[in-house]
Structure formats: structure tokens, C-alpha cells
Amino acid sequence: MGADRSYAYGAAAGLLGDLLLGDPQRMHPVAAFGRAAGRVERALWHDHRGWGALHTLVCAGGATALGVVAARAVRPSFTRSAALTAAATWAVVGGTSLAREASAVVRALERGDLAGARARLPHLCGRDPEALDADAIARAVVESVAENTSDAVVGALVWGAVAGVPGLLGFRAVNTLDAMVGHKSPRLRRFGWASARLDDVAGWPGARLTAVLAVLAGDDPRGAVRAWRADARRHPSPNAGPVEASFAGALGVRLGGTLAYGGRVEHRPVLNGTGRPVQVADIGRAVRLSRRVGMLALGVTVAGRLITRGRGR
């Protein structure tokens, strides 16, 4: 029970640290992992799924193994175990940085600085911003806030509750690899296949929990459920679909539609088609919903760990 309590205290402290401090401006652990994964990619790249799977195994497996070693080293000490969990949670959770970037876009749009808003958008998502007007940028930000609530907050907390520090580090490594090599460019279509599929698997539980909590925390629970049930499966991503649909319904807005991503034009299905178009003010509403979902996710995952581990004894 002591290990579960140390995880609970550590996860809460780590999420509080993210809320108060955000991500470090220099020497971010996730950025360091990204640089290391980039070097591994350059050494292993072949236009072949097998080599991509090896890249995924080396990078994600290495991060998870580091978590195992670190957790075992501090296991005898309640305080050090809690401190390690807090540090790992703070390192992998990105809710505050997500909110800050979204707010930066809002400020640019509110002062009529469309060029500035376009310049900030790539900090949130991979959309091609140059052809977007203010409303399209707002829609892209709301969609990114929804998806990253799952990827940058809830998914990490889920895997932390399941596997402790190794779960936290492993999930963030998988999600980072997907962002680096999981897209369908000609160079990475085969090499990034394993990272993309592993991210789909790892993100599945967090995405569903995010959608459930958006229903509970949003302004329109019935609308969120209705949009989730009607539209989630139409989205090309098995995990972004439930999250974006539930956020759309909870906020009463319409998401999806045509977008440009990585030089490609995609015509995605409309989510919550009865909702109104996204406006700039909806970005702030989405950020507040994201924060509520993150806090609820901490409570749910910690309680789930304590209950299931307690019954196991």
C-alpha cells in the first residue's frame, strides 16, 4: 500500500508542478528524448517496417527500461519514490504548456494579428496555417486542445496508474515517436508504421477516459454523448475521434471538415454537425474544459490504482 500511496502523492505533486510551472524552457526531458530518438532514426532508417519497429523498440523500450531502473532504485524509500513519481509526472504532462500556447493564439487573434496567430499555430499542431482565417485557426486550436488533453495529460496519467514511472515514461516516449515518425509522408510511411500503431494502442484507454470526463465536465453532457456516439467512428483517428467529438458536443461547437496537414489536404468528417462554428472565445472554453478533465483524470486514475491494488492484496 505504501508504494501506491507514494504514487498518489507523487502524481498529484507532479500535476500541481505542471499547473504552477509548466514545462521547463531549457533542457526539457521530452526534448532530450526527441533528440536521442532522432539520432537513432538517422542510424536505423530504411524504407521498411521492420527497421521502423526496431527504432520503436529501441526508443520506447529504452525509456521504459530507464523508468524501471529508476523506480527500483528508489523503491525502499517512500519519500524518494514519491519524488521520482512527481518528477516523472511533471516531465511528461503538458497541460499548462498546452493552455499557454492556446492562449497565445487567442491574444494574437483578439488584437487582429492574424500573422502572429498563424506563426503560433505550429506550436500546437501540424496544420498548414497560411491559408487559415481567424475562425479556421480557432477551430484548429480547439481540436488540438481536445486531442492533446488525451495525449499530453490523461493518457500519461492512465499509464502511470497502471505501471508507475515506467508507464509514464513509456507512454510519453510512444506518443513522441508518433509525432516524430508516425505521419504518412513518403519517407516515413513504412518506417513510422510501428510507432503509429503502438501509439494507437497506448492511447486507446486515455482517449476513452478523456471522452467520458469531457461528458461529465462539459457544459452539455447530453450533447457530448450524442456527438461521441454519432461521429467518433467517422474520424480517421481511432483515438482523436472520441475525444474531439465529445469536446465538440460539450462545447456546442462544430469541429472537423477540410484541413491542410503536412502538405496534404484532408476532408475530415464534421463532428457535432448541429453545433455552431468555432469562435475565438471558444478556445478559452476548451482550455478550461481541458483543465477540468485533467484534474478529474488525476482523481480517477489514482483512485483506480489504490482500489485495484488494494483488492489484489
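**Reading a predicted chain, residue by residue**

Me: Is V174 buried or exposed?

Reply: Relative accessible area sorts residues into classes: under 20% is buried, over 50% is exposed, and partly exposed lies in between, with a 1.4 Å probe and protein chains only. V174 has a relative accessible area of 9%, so this residue is buried. One caution on the source: this is a predicted model, in which local features need pLDDT of at least 70 and side-chain atom pairs count only at pLDDT 80 or more, while totals for chains, interfaces and linings use all residues. Residues are numbered from 1 along each chain as its sequence is written, and side-chain values use heavy atoms, with hydrogens and water left out.

Me: In which element is V174 found?

Reply: Helices (H or I, at least four residues) and strands (E, at least two) are DSSP runs, numbered from the N terminus. V174 belongs to helix 7. In total, the protein chain has 11 helices and four strands.

Me: Which residues is V174 in contact with, leaving aside neighbours within four places in sequence?

Reply: Contact means that heavy atoms lie within 4.5 Å. With neighbours within four places set aside, V174 is in contact with A60, L198, D199 and A202. Distance in sequence and distance in space can also be read side by side: V174 and T56 are 118 residues apart in sequence, and their C-alpha atoms are 7.7 Å apart in space.

Me: What does T149 touch, not counting residues up to four places away in sequence?

Reply: T149 is another residue of helix 7, and it counts as buried because its relative accessibility is 0%. Beyond its sequence neighbours, T149 touches L98, V154, T210, F247, S290 and V293. Between T149 and A99 there are 50 residues of separation in sequence and 9.8 Å in space, C-alpha to C-alpha.

Me: How many residues apart along the chain are D151 and V162?

Reply: They are 11 residues apart, and their C-alpha atoms are separated by 16 Å. D151 sits in helix 7 and is buried, at a relative accessible area of 15%. Its contacts past four places in sequence are F171, R172 and N175.

Me: Where is R187 found?

Reply: R187 is in the loop between helix 7 (134-181) and helix 8 (193-217). With a relative accessible area of 40%, R187 falls in the partly exposed class. Leaving out neighbours within four places, R187 is in contact with E41, W45 and D47.

Me: Which backbone nitrogen lies 3.0 Å from a polar atom of the side chain of H235?

Reply: A polar contact is a pair of N or O atoms within 3.5 Å; within protein, one must be able to donate a hydrogen and the other to accept it, and residues adjacent in sequence count only if both atoms are side-chain atoms. Here the backbone nitrogen belongs to S237. H235 lies in the loop between helix 9 (221-231) and helix 10 (240-251). At 8% relative accessible area, H235 is buried. Contacts of H235 beyond four places in sequence include A240, E244, R268 and L271.

Me: What does D231 touch, not counting residues up to four places away in sequence?

Reply: D231, in helix 9, touches V270, L271, N272 and G273. D231 counts as buried, with 10% relative accessibility.

Me: Why does the radius of gyration of the protein chain agree with a compact globule?

Reply: The radius of gyration is taken over C-alpha atoms, and the globule rule is 2.2 Å times the number of residues to the power 0.38. For 313 residues the rule gives a value near 20 Å, and the protein chain has 19 Å, so the two agree. The C-alpha trace spans about 55 × 45 × 35 Å along its principal axes. Buried residues make up 51% of the 313 residues. Among contacts with a separation of 6 or more, 71% are between residues 24 or more positions apart.
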